[in-house]
Amino acid sequence: MFVARGRSVELHALERLLVLLPDSHEKQNEIQDAVYRAKAGRAGERMVDKYVRLTRIPGPAKVLTDLELEIGPDHIVQIDTVILTPRGAWILEAKLYKGILRYRHNPRRLERVDQNEEITPFPCPIMQLDTQMKGLERWLTDRGIVLPVNGKIAFVSNNLWEGLPDEAPIIPVREVSLYLQQSFDHMRDSMNVSEFNHLVSLLAEEKYRFNPFPLCKRFGINPNDLKRGFLCPVCHARMRFVTERTCRCDDCSVQTAPDYGRAILDWFLLIHPTINNLQLRKFLGLKDKYAATRILALFDLQRVGTSVNTAYTIDPFRGLTNMQLRRRVKVGGTDGR
């Protein structure tokens, strides 16, 4: 089966926040932990993708990733991976925890014990999967769609377990393909091809309902604490202009063109969903408002407001290409440089 999972905008934003946050900042450890968890989560999902691709199921099948189902007011259920066929839907929740794992019942949770005997608690993955399955069932029922929903938690690491219930819906990631094939073989079609294609089109739209940006607000960070100006791509020190089109890092001697697109994207993801001319100048240390206008015009941004209230924004999930702002294309095929 074909699996297409894009890069994580949230992980990119967390990594950029870590770059712009001073080393001595009180939130450094919290953001480092968030980056680590996000990377581990993405690595687990990509390992599950590998075994889903090895699965050979006859007939139509579709793999959807990173869904966010709106079940009710203020109730959004996030799902990493859903495999759809006319016979049923399968949710796969990837987990990548190293060390010994203990399952606790009161309250239900997971504990990881590392080599130093330190214990780290995690939410119960079985409850998480149950919430996802019930959420998808509710979403289908609300649309008059009858389709069995199944699910498993795929653990990527080889863990030793303590206290895990025998009926726990947990499998090693290497068994994902076998699980899907065997489960599929024991089921019958619940819909025809036309109905299946309609379901795929409906469910594929269920993305990006939860917007975690800007991250400074989410983590309680004062945006004024972030580094300003252009930062060296190697050591992250502030660079200085040597010409209008060239910046130089005095710490490691790197010389490069200023990356206006990255800086503006940092603003959107970390500081505020809109930016105006004055904000851009203060953020990058620019003095000329006309230069700031030309810089903003380089990129395919959505304009909001008029006259002195003009500002710009983007959809952080649909407005990027390879984690970069798209350049505005002028008539004749040239960009706004």
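**Entry 1. Overall composition**

I count a residue as buried when its relative accessible area is under 20%. The model I am examining is predicted. By that cut-off, I find that 46% of the 337 residues in the protein chain are buried. I looked up the secondary structure next and recorded nine helices and 16 strands in the protein chain. I then took the extent of the C-alpha trace, which spans about 70 × 55 × 35 Å along its principal axes.

**Entry 2. The annotated region**

I consulted the UniProt record, an unreviewed entry, which lists residues 40–159 as "domain: NERD". Over residues 40–159 I noted 27% helix and 45% strand.

**Entry 3. The largest pocket**

I turned to the pockets and noted about 1600 Å³ of space in the largest one. I asked which residues lie nearest its centre. They are E10, A38, G41, E45 and D80, out of 48 residues that line the largest pocket. I listed the elements that give two or more residues to this lining: the helices α1 (9–20), α2 (28–53) and α3 (125–142), together with the strands β1 (62–72), β2 (75–85), β3 (88–95), β6 (119–123) and β15 (320–321). Helix α2 provides the largest share of the lining, with 10 residues. By class, I recorded 22 nonpolar, 11 polar and 15 charged residues in the lining of the largest pocket. I also checked the domains: domain 1 (9–206) and domain 2 (223–325) each contribute at least three residues to this lining.

**Entry 4. The second largest pocket**

For the second largest pocket I noted a space of about 840 Å³. I found 28 lining residues, with P258, Y260, I295, L298 and R327 closest to the centre. The elements that give two or more residues here are α7 (260–271), α9 (289–297) and β16 (324–325). Which of the elements gives the most to this lining? I found that α7 does, with four residues. The lining of the second largest pocket divides into 12 nonpolar, six polar and 10 charged residues.

**Entry 5. Aromatic pairs**

I counted nine aromatic pairs. One of them joins F213 and F317; I recorded 5.9 Å centre to centre and 40° between the planes, a tilted arrangement. This pair links distant parts of the chain, since F213 lies in the loop between α5 (193–204) and α6 (215–219), F317 lies in the loop between β14 (311–313) and β15, and 104 residues separate them. F213 counts as buried because its relative accessibility is 12%.

I then examined F230 and Y260, whose ring centres are 5.2 Å apart. Why is this pair edge-to-face? The planes stand at 80°, and an angle over 60 degrees counts as edge-to-face. F230 sits in the loop between α6 and β10 (240–243), whereas Y260 belongs to helix α7; the two are 30 residues apart and again link distant parts of the chain.

Finally, I looked for an aromatic cluster and found one formed by Y97, F122, F155 and W161.

Conventions: Residues are numbered from 1 along each chain as its sequence is written. This is a predicted model: local features need pLDDT of at least 70, side-chain atom pairs count only at pLDDT 80 or more; totals for chains, interfaces and linings use all residues. Side-chain values use heavy atoms; hydrogens and water are left out. UniProt positions are given in the numbering used here, feature names are shortened, and annotations may be inferred rather than shown by experiment. On a 1 Å grid over the protein atoms alone, a cavity is a set of points where a 1.4 Å probe fits but cannot get out, and a pocket is an open set with protein on both sides within 12 Å along at least five of seven lines; lining residues have an atom within 4 Å of a point. Grid points are joined across faces, edges and corners, and a volume is the space filled by probe spheres set on the points. Ala, Val, Leu, Ile, Met, Phe, Trp, Tyr, Cys and Pro count as nonpolar, Asp, Glu, Lys and Arg as charged, and the others, Gly among them, as polar. Domain bounds come from an automatic or database domain assignment. Rings of Phe, Tyr and Trp (its six-membered ring) pair if their centres lie within 6.5 Å; planes under 30 degrees apart count as stacked, over 60 as edge-to-face and the rest as tilted. Buried means under 20% relative accessible area, exposed over 50%, partly exposed in between (1.4 Å probe, protein chains only).
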